[in-house]
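Here are my notes for you on how the pieces of this model touch. Have the structure open while you read, and look up each residue as it comes along.

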Amino acid sequence: MTEEEDYDHIMGVLREERITPYNEDELETVLSIGHCINCGLCLQHCPVVAGVGVERFSGPRSIAVELSRSPPEFWATGDKVFLCTGCGTCREVCPKNVEVPEIVNMIRARIFEHRPDLVPQELHSVDKTLLEHGLAFAPWEDLEDKAESRDMRLERLNLPFYPNRVKERAEVLFYPGCQAEERAQEVREAGKVVLEAFDVDYTLLGDFNCCGLPAILLGDDKTARELAKHLKEKVGALGTKKIVTTCAGCTSNLSYLSERDGWDIPVYHTLEYLIEEIGIESLTEKLTQSEDTQSVTVHSPCHLIRHMSRQLAEYAAQIIEAMPNAEYTESNLHDSCCGGGGMVGYHSPDVAQGVVEENLRAIERTGVSRVVAPCPLCTAHIEEMLFRTGSSVEVDDLTVFIAQRLPKKE
Amino acid sequence: MDLDTDVLVIGGGMAGLAAGIRSQERGANTTLIRKGQSATSYSSGAIDVSGYLPGGSQQLLSAREGIEAITSLYPLHPYSILGFGSADNDDVPGLAIERVGQAVEWLTKHLKSTPAQLYGGIDSNLEGITLVGTKKPTALLQQTIWPGEFAVDDEGVMLFLGIKGVSDLNPKIASKTFLDNQARTGEPPHKVGNASLDIAPFGHGYNLSTTNIARWLDREENLVTFIEQVKKKAEQFGATYVALPPILGLEENLKNQKALQEATGASVFELLAFPPSVPSFRLQRGLERVFIEKGGHLLIGHEAEPCGIESSKITEVLARSPRRKVEITTRSVVLASGKYIGGGLAATVEGLRETVFGLMTVTDEFRESGKTRPQRLTNVVSLSPESHSLFGCGLSVDQFLRPVNPDGDATAENLFAAGSILAGYSYAMEKCGLGVALATGHYAGETAAANATGGGV
Ligand SMILES: Cc1cc2nc3c(=O)[nH]c(=O)nc-3n(C[C@H](O)[C@H](O)[C@H](O)COP(=O)(O)OP(=O)(O)OC[C@H]3O[C@@H](n4cnc5c(N)ncnc54)[C@H](O)[C@@H]3O)c2cc1C
Ligand code: SF4
Ligand code: SF4
């Protein structure tokens with residue numbers, strides 16, 4: 001046999017055994033699993049285990065020492081690995097840097113490839129939307145309706161509308177993410193308000209497409225890589241120097257992609273951009289008084305504090321403290337997770353509900369009137385959950401909350 | 001991302017947090033980075049200061065007695081180093097006892113009224129009861145683990161109360177072991193019972209953990225049913241002591257213990273646990289909260305990147321989180337990165353390595369161990385009273401806890417080390433793990449703060 005035939009033969013055997021070889025960029029994750037000492041520290045902290053118990057979700061230790069160990073049997077782990085919200089709490093407490101949230105995505109990808117019938121149905125619908133539209137949500141059929149919905153939101157929140165800008169060689173590409181692009185349009189507009197307020201030279205994408213995070217989370221690795229490729233091409237063509245986004249998931253995924261695929265462009269969340277590029281002094285100068293004093297706590301998205309850096313929670317606090325009449329109260333919740341991550345809410349709302357309850361209790365304990373989250377997805381999720389429990393606490397996206405306190409341009 | 005701080009603490013276990021809290025208290029702006037949790041989060045709920053003499057045979061009546069003996073016999077033990085003081089100090093044991101005692105009192109004060117509230121001190125070792133029914137000498141126990149003195153009262157009845165589905169405590173075996181021990185020593189209580197409760201937080205009575213139950217008991221609505229069940233069993237056995245697995249709460253354990261004692265009239269307490277445990281969860285979280293309350297900057301999920309020491313001072317450390325890098329400029333550094341589990345020391349076929357600054361490591365006999373294969377430092381018997389030399393390896397430090405180079409000089413004038421990364425003792429054998437971490441952390445925090453704010457040790 002020639003070398004090529006050898007290779008084909010081996011690949012054939014692997015396919016029969018339902019094994020997909022690891023990609024080069026997955027090796028570090030795979031090796032990290034081998035460092036697990038089976039100590040169980042992560043189990044004490046995993047918010048899903050806390051919410052629904054280890055019988056329903058066997059937890060990160062089990063993922064590290066059992067579920068990730070036998071590629072031919074990955075398909076048999078679907079009822080567990082699809083319940084991980086990817087919050088990253090396990091990795092943060094693990095003494096051995098075991099990459100549980102990443103290995104979960106790799107296992108999901110292999111289940112998706114070999115046994116798509118074992119991927120929750122609801123995720124296939126999301127995948128279909130991604131394939132059809134390059135977006136996580138089906139786009140509006142009527143663009144006028146979309147504009148009307150946007151204007152209603154802006155009016156309610158007292159935010160201005162600035163015309164969309166698309167241009168080459170701008171300093172910053174503003175990437176709102178699917179949620180803000182299609183649903184929480186006020187967040188997209190708020191992002192623009194922030195950039196306009198500081199005269200940032202920015203552009204939007206002419207033709208928006210998803211960063212691929214939902215595809216990664218549901219296991220469609222191929223689509224994820226394709227979406228990432230499109231995006232890279234579009235970003236490259238625009239020739240911007242920085243990317244700014246209002247979404248926690250997008251920030252973390254784009255940061256990852258930028259490094260993995262060599263985009264060579266730094267990615268900032270609005271919070272980072274404000275603190276690191278604009279500076280807290282310039283921001284403070286511009287922040288205006290709101291009508292009444294607000295007591296505020298922050299929900300810190302997993303994708304910001306655990307997939308990127310806890311320093312971002314600090315940034316959020318700094319910004320709120322700089323607001324003339326907002327009182328910042330720290331929530332003493334440690335292992336927070338809104339339950340909305342990992343696409344769990346799509347197919348197992350009871351699990352998402354079990355997870356978010358701890359959060360809601362912590363929010364109520366702070367006694368604040370408002371919770372803000374630097375991510376439109378978390379905001380939507382928490383808002384819905386608080387509404388269901390009949391809570392009077394209001395919820396805002398943090399970028400919106402900031403934009404409301406910035407001067408409007410003529 | 002950039003950050004400027006007076007004192008940077010690397011490591012978030014007992015040593016790092018004690019250093020951080022102390023340094024912050026001493027007026028230095030302090031940032032603490034930790035990549036994960038570690039040995040401190042594996043501990044049992046007992047804070048050991050000195051339980052046995054090195055060699056393991058002699059059980060000590062008090063930590064004070066232990067420190068006195070250790071500082072006289074082992075001049076390079078971390079407790080002895082704490083006793084060095086200035087050149088004209090001729091009472092090493094005295095100073096060591098003073099410093100350890102102060103650290104213990106200081107910690108007790110800070111943890112008062114928190115879920116990790118402590119009972120005990122260095123003047124008398126307590127006996128905590130473990131999940132398997134044995135006893136363990138230790139200086140301090142978490143309040144809810146302290147059973148109270150076993151009065152010389154022959155009528156006392158001890159009830160081991162398990163929970164269906166929580167495998168940590170097998171009440172039958174624990175009560176038998178406990179009873180055998182009582183019979184041998186002749187100490188009360190002589191009557192022992194065992195039973196199990198059936199509570200099902202997720203609707204089933206199997207595959208539950210102590211953390212699950214503790215979280216469940218943190219919610220007031222669940223306490224009422226729980227008290228009723230415990231009361232019923234306590235009455236049935238006429239129990240004067242009720243031993244539970246460590247489940248009384250992650251947050252509300254003090255309040256829950258009180259409610260249970262009032263309802264049953266018995267001493268209700270938790271047993272010392274297996275790692276990782278509910279009590280160590282309370283300790284870790286309690287320490288972190290004190291640090292934050294004191295104004296410290298806690299940056300979890302960040303790992304100090306390896307870097308060499310180029311000059312006599314460390315001014316910059318790079319910390320990495322999953323997708324960000326933070327450049328930290330600092331005036332003092334406390335290295336409290338733990339041993340093999342924590343990651344401060346790495347033992348590979350090439351030898352023993354300190355992982356952040358590449359500092360010199362030594363064996364328990366204070367010989368350079370950079371090229372010593374770890375296999376040479378273990379015993380054939382895994383559980384031998386001599387322990388393993390490997391446990392005694394680590395950093396050699398001067399009287400200010402600054403790691404030294406082969407010439408015996410401080411590697412950097414503003415770098416201090418604390419906790420299990422230090423050489424010269426074995427926590428496993430001496431039962432002094434958290435005590436050494438606390439006392440050296442406390443002192444390192446003080447010195448690092450003085451160095452950062454006053455310029456010099
Ligand atoms: C299983 C077990 C049970 C024990 N039980 C008890 C007990 O019941 N009572 C008792 O008194 N002692 C006990 N001990 C001993 C005691 O827990 C330890 O000696 C003590 O906790 C050590 O504290 P430390 O702060 O030095 O290290 P650790 O608690 O190990 O902390 C080290 C810290 O450094 C961090 N770190 C390491 N490298 C880096 C880096 N490059 N960047 C950032 N952070 C880093 C780690 O993430 C961790 O946060 C036990 C030990 C073990 C292993
Ligand atoms: S990422 Fe979060 S939900 Fe998933 S196993 Fe880890 S702690 Fe649990
Ligand atoms: S993943 Fe980490 S924390 Fe969890 S059991 Fe393994 S080593 Fe322990």
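How much area do chain B and chain A bury between them? About 3300 Å², with 48% of it on carbon and sulfur atoms. Buried area here is the accessible area (1.4 Å probe) that two parts lose on being put together, summed over both.

1. Before we go on, some ground rules. This is a predicted model, where local features need pLDDT of at least 70 and side-chain atom pairs count only at pLDDT 80 or more, while totals for chains, interfaces and linings use all residues. Residues are numbered from 1 along each chain as its sequence is written, chains are lettered from A in the order in which they are written, and side-chain values use heavy atoms, with hydrogens and water left out.

2. Who takes part in the chain contact? Chain B brings 39 residues and chain A brings 44 (contact means heavy atoms within 4.5 Å). Have a look at M1(B), R323(B) and R324(B): in chain B they lose the most area to chain A, together 22% of what that side buries.

3. R324(B) also turns up in a salt bridge, its side chain meeting that of E272(A) at 2.6 Å, N to O. The rule (a side-chain nitrogen of Lys or Arg within 4 Å of a carboxyl oxygen of Asp or Glu) finds 2 salt bridges across this interface.

4. Which element gives the side of chain B that touches chain A its largest share? That is α9(B), with 5 residues. The residues on this side divide into 15 nonpolar, 14 polar and 10 charged. Ala, Val, Leu, Ile, Met, Phe, Trp, Tyr, Cys and Pro count as nonpolar, Asp, Glu, Lys and Arg as charged, and the others, Gly among them, as polar.

5. An automatic or database assignment divides it into domain 1 (2-112 + 281-337 + 413-452) and domain 2 (146-271). Domain 1 puts 4 residues into the contact and domain 2 puts in 6.

6. These two domains of chain B bury about 460 Å² between them, 40% of it on carbon and sulfur atoms. On the domain 1 side, F281(B), R282(B) and R289(B) lose the most area to domain 2, together 87% of what that side buries.

7. How many salt bridges link the two domains of chain B? The count is 3. The side chains of E251(B) and R285(B) meet in a salt bridge at 3.4 Å, N to O. The domain 1 side that touches domain 2 has 1 nonpolar residue, no polar ones and 3 charged.

Notes: Helix = DSSP H or I, 4+ residues; strand = E, 2+ residues; numbered from the N terminus.
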